[in-house]
Amino acid sequence: MKPMLKSLLLICLLAMNSCMSAKTGIRSVLMSGRIMAAHQYCGGIAPSPEMIRQAETPVPYRGTLDFVNVAKPQLRYTFSSDDSGRFSLRLPAGKYQIMYPEVPNIKPDLHSQSKDMTQASYMEDCQRNYHPVLGSATVPLKGIRKARISIYIRCNPCGPGIP
(Lines give C-alpha, C1' and ligand atoms only; values in the text may rest on other atoms or scores of the structure.)
Protein backbone atom coordinates (compact mmCIF):
# COMPACT_ATOMS: atom_id res chain seq x y z
CA MET A 1 0.00 0.00 0.00
CA LYS A 2 1.32 3.46 -0.87
CA PRO A 3 2.51 5.62 2.07
CA MET A 4 0.01 8.40 1.29
CA LEU A 5 -2.88 5.93 1.22
CA LYS A 6 -1.69 4.35 4.50
CA SER A 7 -1.60 7.77 6.16
CA LEU A 8 -5.08 8.64 4.89
CA LEU A 9 -6.43 5.30 6.12
CA LEU A 10 -4.84 5.78 9.54
CA ILE A 11 -6.32 9.29 9.84
CA CYS A 12 -9.79 7.97 8.92
CA LEU A 13 -9.54 5.15 11.47
CA LEU A 14 -8.45 7.54 14.21
CA ALA A 15 -11.26 9.96 13.35
CA MET A 16 -13.86 7.17 13.42
CA ASN A 17 -12.56 5.90 16.74
CA SER A 18 -12.54 9.44 18.14
CA CYS A 19 -16.16 9.95 17.07
CA MET A 20 -17.20 6.69 18.74
CA SER A 21 -15.72 7.71 22.07
CA ALA A 22 -17.38 11.14 21.75
CA LYS A 23 -20.75 9.41 21.41
CA THR A 24 -20.20 7.27 24.51
CA GLY A 25 -18.88 10.20 26.56
CA ILE A 26 -15.72 8.28 27.47
CA ARG A 27 -12.42 10.18 27.16
CA SER A 28 -10.03 8.27 24.96
CA VAL A 29 -6.27 8.47 24.60
CA LEU A 30 -3.94 7.48 21.79
CA MET A 31 -2.15 4.16 21.98
CA SER A 32 0.25 3.25 19.22
CA GLY A 33 3.24 1.04 18.83
CA ARG A 34 4.15 -2.41 17.69
CA ILE A 35 2.70 -5.83 18.44
CA MET A 36 4.80 -8.98 18.33
CA ALA A 37 3.50 -12.54 18.42
CA ALA A 38 5.05 -15.81 19.52
CA HIS A 39 3.25 -19.03 18.61
CA GLN A 40 2.84 -22.35 20.35
CA TYR A 41 4.11 -25.19 18.15
CA CYS A 42 0.97 -26.86 16.72
CA GLY A 43 2.44 -29.38 14.29
CA GLY A 44 3.15 -33.09 14.43
CA ILE A 45 4.70 -35.17 17.14
CA ALA A 46 8.33 -34.92 18.26
CA PRO A 47 9.31 -31.51 16.89
CA SER A 48 12.99 -30.67 16.93
CA PRO A 49 14.20 -28.03 19.42
CA GLU A 50 14.84 -25.74 16.44
CA MET A 51 11.21 -26.08 15.25
CA ILE A 52 9.96 -25.13 18.71
CA ARG A 53 12.40 -22.20 18.93
CA GLN A 54 11.31 -20.96 15.50
CA ALA A 55 7.60 -21.09 16.43
CA GLU A 56 8.21 -19.32 19.74
CA THR A 57 10.42 -16.55 18.32
CA PRO A 58 8.34 -13.35 18.32
CA VAL A 59 7.52 -11.90 14.89
CA PRO A 60 5.50 -8.81 13.93
CA TYR A 61 1.76 -9.56 14.13
CA ARG A 62 -0.30 -8.56 11.10
CA GLY A 63 -4.04 -8.77 11.57
CA THR A 64 -7.05 -7.64 13.54
CA LEU A 65 -7.40 -7.94 17.31
CA ASP A 66 -9.56 -6.48 20.08
CA PHE A 67 -8.63 -4.64 23.25
CA VAL A 68 -11.30 -5.79 25.75
CA ASN A 69 -11.70 -3.66 28.87
CA VAL A 70 -11.19 -5.84 31.98
CA ALA A 71 -13.63 -3.84 34.14
CA LYS A 72 -16.28 -3.53 31.39
CA PRO A 73 -15.93 -6.45 28.93
CA GLN A 74 -18.67 -5.00 26.72
CA LEU A 75 -16.16 -2.26 25.78
CA ARG A 76 -14.21 -3.76 22.87
CA TYR A 77 -11.87 -1.75 20.69
CA THR A 78 -10.90 -3.39 17.42
CA PHE A 79 -7.61 -2.49 15.75
CA SER A 80 -5.46 -3.76 12.92
CA SER A 81 -1.72 -3.92 12.62
CA ASP A 82 0.36 -3.75 9.45
CA ASP A 83 3.11 -6.05 8.15
CA SER A 84 5.57 -4.57 10.66
CA GLY A 85 3.16 -5.05 13.58
CA ARG A 86 2.52 -1.30 13.86
CA PHE A 87 -0.87 -0.20 15.14
CA SER A 88 -2.62 2.89 16.43
CA LEU A 89 -6.00 3.40 18.08
CA ARG A 90 -7.82 5.56 20.57
CA LEU A 91 -9.33 4.00 23.67
CA PRO A 92 -10.07 4.95 27.28
CA ALA A 93 -7.35 4.52 29.89
CA GLY A 94 -7.62 1.23 31.76
CA LYS A 95 -6.62 -2.43 31.84
CA TYR A 96 -7.26 -4.52 28.76
CA GLN A 97 -7.05 -8.09 27.56
CA ILE A 98 -6.00 -8.63 23.96
CA MET A 99 -8.23 -11.11 22.16
CA TYR A 100 -9.34 -12.12 18.70
CA PRO A 101 -12.40 -10.21 17.46
CA GLU A 102 -15.71 -11.88 18.26
CA VAL A 103 -16.55 -14.65 15.81
CA PRO A 104 -19.88 -14.13 14.05
CA ASN A 105 -22.38 -16.96 14.07
CA ILE A 106 -21.04 -19.43 11.52
CA LYS A 107 -23.71 -21.36 9.65
CA PRO A 108 -22.83 -24.94 8.67
CA ASP A 109 -23.10 -25.88 4.99
CA LEU A 110 -26.60 -27.34 4.61
CA HIS A 111 -25.56 -29.31 1.50
CA SER A 112 -22.98 -31.42 3.32
CA GLN A 113 -23.64 -35.01 4.34
CA SER A 114 -25.01 -35.78 7.82
CA LYS A 115 -21.62 -36.84 9.25
CA ASP A 116 -20.16 -33.57 7.98
CA MET A 117 -23.05 -31.66 9.59
CA THR A 118 -22.00 -33.06 12.96
CA GLN A 119 -18.44 -31.87 12.33
CA ALA A 120 -19.69 -28.47 11.07
CA SER A 121 -21.89 -28.08 14.17
CA TYR A 122 -18.95 -28.95 16.43
CA MET A 123 -16.70 -26.45 14.63
CA GLU A 124 -19.39 -23.75 14.86
CA ASP A 125 -19.85 -24.27 18.61
CA CYS A 126 -16.13 -24.53 19.22
CA GLN A 127 -15.26 -21.32 17.32
CA ARG A 128 -18.11 -19.40 18.94
CA ASN A 129 -16.97 -20.39 22.44
CA TYR A 130 -13.19 -20.17 21.93
CA HIS A 131 -12.05 -16.76 23.20
CA PRO A 132 -8.42 -17.02 24.26
CA VAL A 133 -6.67 -14.11 25.92
CA LEU A 134 -3.54 -13.49 23.87
CA GLY A 135 -2.01 -10.82 26.06
CA SER A 136 -2.77 -7.81 28.22
CA ALA A 137 -2.03 -4.10 28.34
CA THR A 138 -2.57 -1.18 30.69
CA VAL A 139 -3.33 2.14 29.02
CA PRO A 140 -2.42 5.16 31.20
CA LEU A 141 -4.36 8.45 31.16
CA LYS A 142 -1.67 10.10 29.02
CA GLY A 143 -1.73 7.28 26.43
CA ILE A 144 1.24 5.45 24.95
CA ARG A 145 3.01 6.35 21.73
CA LYS A 146 5.66 3.60 21.53
CA ALA A 147 3.97 0.60 23.08
CA ARG A 148 5.66 -2.77 22.78
CA ILE A 149 3.01 -5.43 23.13
CA SER A 150 3.72 -9.15 23.10
CA ILE A 151 1.06 -11.78 22.55
CA TYR A 152 1.25 -15.56 22.70
CA ILE A 153 -0.88 -17.52 20.26
CA ARG A 154 -1.77 -21.00 21.48
CA CYS A 155 -2.94 -23.83 19.26
CA ASN A 156 -6.59 -23.54 18.30
CA PRO A 157 -8.45 -26.59 19.66
CA CYS A 158 -11.16 -26.00 17.05
CA GLY A 159 -8.95 -26.67 14.05
CA PRO A 160 -6.16 -28.87 12.79
CA GLY A 161 -2.60 -28.34 13.89
CA ILE A 162 -0.45 -26.06 11.78
CA PRO A 163 3.23 -26.95 11.49
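Me: In which strand is Asn69 found?

Reply: In this predicted model, Asn69 belongs to strand E3, which covers residues 63-69.

Me: Is Asn69 buried or exposed, and why?

Reply: Asn69 counts as buried because its relative accessibility is 9%, and the cut-off for buried is under 20%.

Me: Which backbone nitrogen does its side chain reach at 2.9 Å?

Reply: The side chain of Asn69 reaches the backbone nitrogen of Ala71 at that distance.

Me: Let me step back. How many helices and strands are there in the protein?

Reply: The protein has three helices and eight strands. Along the sequence they follow the pattern α-β-α-β-β-β-β-β-α-β-β.

Me: What order do the strands have in the open sheet of four?

Reply: The order is E4-E3-E6-E7, and the pairing is antiparallel.

Me: Which strands stand at the edges?

Reply: E4 and E7 do; each has a single partner strand, so one side of each has no neighbour in the sheet. From one strand to the next, the twist averages 30°.

Me: Over how many bridges do E3 and E4 pair?

Reply: E3 and E4 pair over six bridges, in the antiparallel sense. One of the residues involved is Leu65, whose bridge partner in E4 is Phe79.

Me: How far apart in space are Thr78 and Leu89?

Reply: Their C-alpha atoms are 8.4 Å apart, while the two residues are eleven residues apart in sequence.

Me: What about Ser81, where is its place?

Reply: Ser81 is also placed in strand E4, which spans residues 76-81. Ser81 is buried because its relative accessible area is 8%, again against a cut-off of under 20%.

Me: Which backbone oxygen lies 2.5 Å from a polar atom of its side chain?

Reply: The backbone oxygen of Tyr61 lies at that distance from the Ser81 side chain. Not counting residues up to four places away in sequence, Ser81 touches Ile35, Tyr61, Arg62, Gly63, Arg86 and Phe87.

Me: New topic: the largest nonpolar core. Which residues touch the most other members?

Reply: The core has 22 residues, and those touching the most other members are Met31, Phe67, Phe87, Ile149 and Ile151. The elements giving two or more residues to this core are E1, E3, E4, E5, E6, E7 and E8. As general background, nonpolar side chains tend to be buried together in soluble globular proteins.

Me: What percentage of the 163 residues is buried?

Reply: Buried residues make up 29% of them. The accessible surface of the protein comes to about 11000 Å², and 59% of that surface belongs to carbon and sulfur atoms.

Me: Where is Ala46, and what is its phi?

Reply: Ala46 lies in the loop between strand E1 (29-39) and helix H2 (49-56). Ala46 has a positive phi of about 55° although it is not a glycine. Most residues other than glycine have a negative phi.

Me: Is Ala46 buried or exposed?

Reply: Ala46 counts as exposed, because its relative accessibility is 73% and the cut-off for exposed is over 50%.

Me: And Arg145, which strand is it in, and what is it in contact with?

Reply: Arg145 is found in strand E8 and counts as exposed at 62% relative accessibility. Leaving aside neighbours within four places in sequence, Arg145 is in contact with Leu30, Ser32 and Gly33. Arg145 and Leu30 are 115 residues apart in sequence, but 7.0 Å apart in space, C-alpha to C-alpha.

Me: Last one: where is Tyr130 found, and what does it touch?

Reply: Tyr130 is found in the loop between helix H3 (114-129) and strand E7 (133-139). Not counting residues up to four places away in sequence, Tyr130 touches Arg154, Cys155, Asn156, Pro157 and Cys158.

Key:
Residues are numbered from 1 along each chain as its sequence is written. This is a predicted model: local features need pLDDT of at least 70, side-chain atom pairs count only at pLDDT 80 or more; totals for chains, interfaces and linings use all residues. Side-chain values use heavy atoms; hydrogens and water are left out. Buried means under 20% relative accessible area, exposed over 50%, partly exposed in between (1.4 Å probe, protein chains only). A polar contact is a pair of N or O atoms within 3.5 Å; within protein, one must be able to donate a hydrogen and the other to accept it, and residues adjacent in sequence count only if both atoms are side-chain atoms. Contact means heavy atoms within 4.5 Å. A nonpolar core is a set of buried Ala, Val, Leu, Ile, Met, Phe, Trp, Tyr and Cys residues joined through side-chain atoms within 4.5 Å. Accessible areas come from the Shrake-Rupley method with a 1.4 Å probe; for residues, only the protein chains shown count as cover. Two strands pair if DSSP finds at least two bridges between them. Axes are lines fitted to C-alpha atoms, for helices over the stretch in contact, and angles run from 0 to 180 degrees between N-to-C directions.
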